[in-house]
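Subject: Structure for you to look at

Hello,

Here is the structure I said I would pass on. My notes on it follow below.

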Amino acid sequence: MAAALARFNKSVLFSSWQLMGRRTLATTTTRCWQANGEFYSEEHKELQRSLKKLIDSEINPFVDEWEKDHRFPMHEVFKKLGDAGFLGISKPVEYGGSGLDYSYTVAFAEALGSVNCGAVPMAITVQTDMATPALAKFGSDYLKETFLRPTIAGDVVVCLGVSEPGAGSDVAGIRTTAKRSGDDLIINGQKMWITNGIQADWMCLLANTSDGQQHLNKSLICLPMNTPGIHHTKIEKIGMHSSETAQIFFEDVRVPAKNIIGEEGLGFTYQMLQFQEERLIGSVLCLAPLDKCISSTVEYASQRKVFGQPVLNNQTVHYTLAELQTEIECLRALCYMATGLYVAGNDVTKLVSMMKLKAGRLARRIPDACLQYWGGMGFTQDNYVSRLYRDLRLMSIGAGADEVMMAIICKYSNTLPKAVKKPRETANKPEPAVSQQRTASV
Ligand SMILES: Cc1cc2nc3c(=O)[nH]c(=O)nc-3n(C[C@H](O)[C@H](O)[C@H](O)COP(=O)(O)OP(=O)(O)OC[C@H]3O[C@@H](n4cnc5c(N)ncnc54)[C@H](O)[C@@H]3O)c2cc1C
């Protein structure tokens with residue numbers, strides 16, 4: 001680890017895209033879909049080139065070591081990204097962001113996929129697009145100054161605390177409470193599966209701030225992680241090794257009530273909005289790794305000979321890879337369409353859910369198919385394809401499982417069965433399997 005840090009090049013980076021972004025783009029009306037038919041403009045591409053340069057010098061050379069260590073130096077890496085302006089691309093200029101429309105964040109996420117593992121991009125996008133959208137949109141000036149500005153600068157690391165041991169898909173069912181005590185809140189409960197949870201300086205926490213109706217009794221709270229009463233343990237996983245995942249316990253944790261983001265009681269709604277950016281960015285993050293999964297397999301299969309000819313020469317192999325590449329382009333088109341509509345101010349919940357579902361499916365299917373063509377080499381630990389096979393499996397589970405995405409799509413398509421009104425004599429019997437409450441909570 002020390003060697004990895006020592007190799008960290010200190011000379012980086014006030015990148016050309018950042019100069020462009022600050023001076024030109026923030027004052028220009030930007031648009032996705034260019035006159036030449038491409039989705040990205042030259043400015044988007046410049047941002048991507050700058051990011052890839054940083055990834056090639058500051059991240060990829062160390063990824064194998066970080067994967068073995070099951071952690072990476074988040075504060076050092078995030079500071080590099082913050083200095084280069086990558087942690088607040090669509091965040092308000094007043095708090096150190098670049099104020100660019102969301103297509104630039106999508107361009108950033110697609111380029112971030114060139115990191116040689118799933119874990120580091122996931123950790124970075126928790127900081128940029130999973131734990132901070134609600135704060136940027138609804139937080140008070142005090143909260144944005146205290147928590148958002150240092151997060152964009154890369155001076156602190158943030159995590160998102162929604163899931164619990166008893167409530168993952170069913171977000172409305174969380175049990176953690178934040179009860180009023182004078183001007184403070186006293187927090188008790190626990191959170192599960194918290195990405196960045198070991199090294200985080202603060203958490204965007206979803207907790208019940210009253211006993212009322214499940215969708216109106218929650219608040220999002222900025223919680224400094226060095227507050228007394230917070231304890232954590234590390235969860236070991238089958239993939240995403242360099243990202244540390246924590247279970248976090250709260251025992252009488254005291255935080256000022258002014259740390260509530262936006263209006264008290266609207267936390268569930270804010271979190272559902274925040275999920276849209278999380279799911280959009282999570283899906284976009286898959287594009288480059290899936291592309292690389294196929295290209296590296298083509299390369300290997302064209303060299304590896306079986307029965308006297310390259311593996312790739314078998315029609316079943318090159319046809320399968322062609323079909324899978326086509327699937328990736330369908331996902332990419334969906335990503336760009338949803339982004340364009342989001343930037344134009346539309347509700348993209350249904351499209352984003354479709355995107356997340358498709359990304360989850362392809363993230364399972366493509367590494368699995370490619371790994372097969374590597375034979376025994378595909379079953380080794382350090383192979384890029386086997387790393388993706390482990391890492392991307394999370395796509396169908398995290399940020400809302402595939403089935404939750406399907407429930408949302410059905411809800412928006414009006415095909416979800418409505419809750420049946422109970423006849424008098426069966427009023428005390430259990431609920432039917434598909435209840436309105438579950439679908440309302442996704
Ligand atoms: C590596 C990792 C990182 C994570 N990072 C974070 C984080 O930073 N912050 C955070 O808050 N959470 C995080 N999560 C939690 C993640 O969002 C949850 O795991 C996810 O929402 C699923 O919840 P669960 O694990 O409790 O599964 P459950 O809710 O128990 O669901 C189990 C399974 O039931 C099925 N299912 C669910 N709903 C339905 C339905 N309506 N119909 C049919 N089947 C259904 C699905 O197949 C699902 O996978 C992370 C998880 C992992 C594994």
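Of the 442 residues of the chain, 45% count as buried. This is a predicted model, and every value here was computed from it. The chain contains 16 helices and nine strands. Of the contacts between residues at least 6 apart in sequence, 73% join residues at least 24 apart.

The ligand

There are 24 residues around the ligand, and those that come nearest are Val162, Gly168, Ser169, Trp193 and Glu403. Two or more residues of this shell come from each of strand S1 (158-161), strand S3 (184-195) and helix H15 (402-413). By class, the shell has 13 nonpolar, eight polar and three charged residues.

The nonpolar core

In soluble globular proteins, nonpolar side chains tend to be buried together. The largest nonpolar core here has 119 residues. Phe108, Val158, Trp202, Cys204, Ile221, Ile261 and Cys286 are the residues with the most contacts inside this core. Helix H13 (residues 349-373) gives the most to the core, with eleven residues.

Ile221 is worth a look on screen. Leaving out residues up to four places away in sequence, Ile221 touches Ala178, Leu185, Leu205, Ala207, Val255, Asn259, Ile260 and Ile261.

Helix H14 (residues 384-391) has Val385, Arg387, Leu388, Tyr389 and Asp391 as buried residues. These pack against helix H7 (119-130), helix H11 (287-303) and H13.

Strands and pairing

In a regular strand the side chains alternate between the two faces of the sheet. In S1, Val158 and Leu160 point one way, Cys159 and Gly161 point the other way, and all are buried. S1 pairs with strand S4 (residues 202-208) in the parallel sense, over four bridges. The bridge partner of Gly161 in S4 is Leu205.

Strand S2 (residues 177-181) and S3 run antiparallel and are joined by five bridges. Thr177 stands opposite Asn188 in S3. The hairpin of S2 and S3 has two residues between the strands, and Gly182 in this hairpin takes a positive phi near 65°.

Met240 has a phi near 50°, a positive value in a residue other than glycine. Met240 sits in the loop between strand S6 (230-235) and strand S7 (245-256). Phe307 is not a glycine either, and has a positive phi of about 50°. The loop that holds Phe307 is between strand S8 (305-306) and strand S9 (309-310).

Which of these counts as buried, and which as exposed? A residue needs 20 or more other C-beta atoms within 10 Å to be buried, and 12 or fewer to be exposed. Met240 has 25 C-beta neighbours inside 10 Å, so Met240 counts as buried. Phe307 has 7 C-beta neighbours inside 10 Å, so Phe307 counts as exposed.

Some single positions

Gly229 is in the loop between strand S5 (218-224) and S6. Gly229 has 14 other C-beta atoms within 10 Å and is therefore partly exposed. Gly229 and Val253 are 24 residues apart in sequence, yet their C-alpha atoms are 5.1 Å apart in space. Not counting residues up to four places away in sequence, Gly229 touches Phe250, Glu251, Asp252 and Val253.

His231 is in strand S6. With 12 C-beta neighbours inside 10 Å, His231 counts as exposed. Its C-alpha atom is separated by 9.7 Å from that of Ala246, which is 15 residues apart from His231 along the chain.

Ser413 lies in helix H15. With 9 C-beta neighbours inside 10 Å, Ser413 counts as exposed. Ser413 and Lys350 are 63 residues apart along the chain, and their C-alpha atoms are separated by 8.5 Å.

Regards

Conventions. Residues are numbered from 1 along each chain as its sequence is written. This is a predicted model: local features need pLDDT of at least 70, side-chain atom pairs count only at pLDDT 80 or more; totals for chains, interfaces and linings use all residues. Two residues are in contact if their C-beta atoms, placed from the backbone, lie within 7 Å. A residue is near a molecule or strand if its C-beta atom, placed from the backbone, lies within 6 Å of it. Ala, Val, Leu, Ile, Met, Phe, Trp, Tyr, Cys and Pro count as nonpolar, Asp, Glu, Lys and Arg as charged, and the others, Gly among them, as polar. A nonpolar core is a set of buried Ala, Val, Leu, Ile, Met, Phe, Trp, Tyr and Cys residues joined through C-beta atoms within 7 Å. Two strands pair if DSSP finds at least two bridges between them.
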